[in-house]
Each structure stands twice: as C-alpha cells, then as structure tokens.
Amino acid sequence: MIDVPVFTLERDIAASMDQVWAALSVPSLLGQWYGVGVETVTHGFAFEEGGEWRTEMRFNGQCDHSRILFKTIEEKARLVWLHQSTDADWQKAPSQSLPNWPQDILTTITLAPAGEHTRLGVSMVPVAASLTERICFVEYLPMVEGGWRQNLARMERLLVGEAA
C-alpha cells in the first residue's frame with residue numbers, strides 16, 4: 001500500500017512579499033509564470049475564499065483544463081487551494097493529458113520574509129486519491145518538482161524585471 005504522498009519545495013525569491021503575493025493573486029501576472037512550456041489561459045478568476053480560477057493549459061496541440069478552488073487566503077502569508085482536473089465544461093473529470101493523475105490535489109503556498117527576499121514554500125497532497133492516482137503522483141514527482149522549480153524561476157525573473 002502506498003501512503004498518501006506529499007510534495008514539498010521551498011525557494012527564496014529575490015522579491016518583496018508584496019511582489020510575490022501579487023504574482024500569486026493578480027491574473028495578469030499569474031499567467032506569465034504559472035505553467036512551464038504551455039500557454040496558460042484564464043477563463044475565470046475570483047480571488048477570494050470560496051472563489052475559483054478556471055485555467056486552461058495549451059501545449060502541443062492539446063489542452064488541459066483545471067479548476068482551482070481557493071480555500072484559505074491569508075494575505076502575504078498563506079494560500080490554500082484545491083486543484084481539480086476538469087473537462088472543457090469545468091466539471092470534475094480525469095486529466096485530459098494524464099488520465100491517472102489525481103483529480104483533487106490540495107496545494108498550500110506559504111510566504112515568509114527571508115532577509116530582503118521572500119521564502120516561498122509549496123506543498124501538494126492528493127485528496128481522496130485512488131491507489132492508481134497515488135502511484136501516478138509518485139511516479140511524476142520529479143516532473144512536478146521540475147515544473148515548480150521552473151515556474152518559480154520564471155516568477156522571480158518576472159518580478160526582478162518588474163522591480164527594475
């Protein structure tokens with residue numbers, strides 16, 4: 001039996017907490033760094049507890065839809081969302097690009113001061129995932145880590161360029 005896997009990552013971002021929070025909460029900024037090697041299209045965005053972000057990732061002639069439900073928003077400190085794979089009508093469904101991927105993943109982002117920088121933490125845990133989904137999550141953890149590392153590097157480049 002595979003326990004429920006958890007992904008965690010921390011990175012210091014060379015930007016202020018205000019800038020990092022904006023990158024997480026302003027759709028025009030979010031779409032510039034979130035999603036490696038894809039075009040991120042926002043179809044709806046309500047940044048409030050209980051609100052949601054409807055996003056489509058376009059890549060290689062394919063697309064993948066997600067609904068991100070904002071659970072907890074603690075300004076400049078913590079953001080918790082439930083990431084759900086959906087179909088094109090925003091109904092919960094298996095991932096179009098990776099059918100065994102967990103349909104529900106709880107993602108927590110934390111921010112803390114780190115000198116003149118901001119320490120950003122990410123954790124992801126599948127929710128009510130089947131054994132097949134947990135196995136898929138574990139098998140793709142290297143891809144998840146690489147994706148988050150690239151995303152956060154893109155965020156930092158965006159914010160450093162913005163500050164200049």
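Student: Which residue forms a salt bridge with Arg58?
Tutor: In this predicted model, Arg58 forms a salt bridge (a side-chain nitrogen of Lys or Arg within 4 Å of a carboxyl oxygen of Asp or Glu) with Glu39, and their closest N and O atoms are 3.9 Å apart. Arg58 belongs to strand E3 (residues 52-59) and Glu39 to strand E2 (residues 39-45), so the pair ties together parts that are 19 residues apart in sequence. Helices (H or I, at least four residues) and strands (E, at least two) are DSSP runs, numbered from the N terminus.

Student: How exposed are Arg58 and Glu39?
Tutor: Arg58 is partly exposed, at 35% relative accessible area, and Glu39 is also partly exposed, at 44%. The term covers values between buried (under 20%) and exposed (over 50%), found with a 1.4 Å probe on protein chains only.

Student: How is the model numbered, and what was counted?
Tutor: Residues are numbered from 1 along each chain as its sequence is written. Local features need pLDDT of at least 70, side-chain atom pairs count only at pLDDT 80 or more, totals for chains, interfaces and linings use all residues, and side-chain values use heavy atoms, without hydrogens and water.

Student: How many salt bridges are there in the whole structure?
Tutor: The search finds nine. One of them joins Asp12 and Arg119, with the closest N and O atoms 2.7 Å apart. Asp12 lies in strand E1 (residues 7-13) and Arg119 in strand E7 (residues 117-126), so this pair ties together parts that are 107 residues apart in sequence. Asp12 is partly exposed at 33%, and Arg119 is partly exposed at 35%.

Student: What about Glu145 and Arg149, where do they lie?
Tutor: Both lie in helix H4 (residues 141-163), four residues apart, which is about one turn of the helix. Glu145 is partly exposed at 31%, as is Arg149 at 42%.

Student: Which residues do shared partners join into one network?
Tutor: Glu39, Glu56 and Arg58 are joined in this way.

Student: New topic: which residues lie nearest the centre of the largest pocket?
Tutor: They are Met57, Asp64, Trp101, Met143 and Val144, out of 26 lining residues. A pocket is an open set of points on a 1 Å grid over the protein atoms alone, where a 1.4 Å probe fits, with protein on both sides within 12 Å along at least five of seven lines; lining residues have an atom within 4 Å of a point.

Student: Which element gives the largest share of that lining?
Tutor: Helix H4 does, with five residues.
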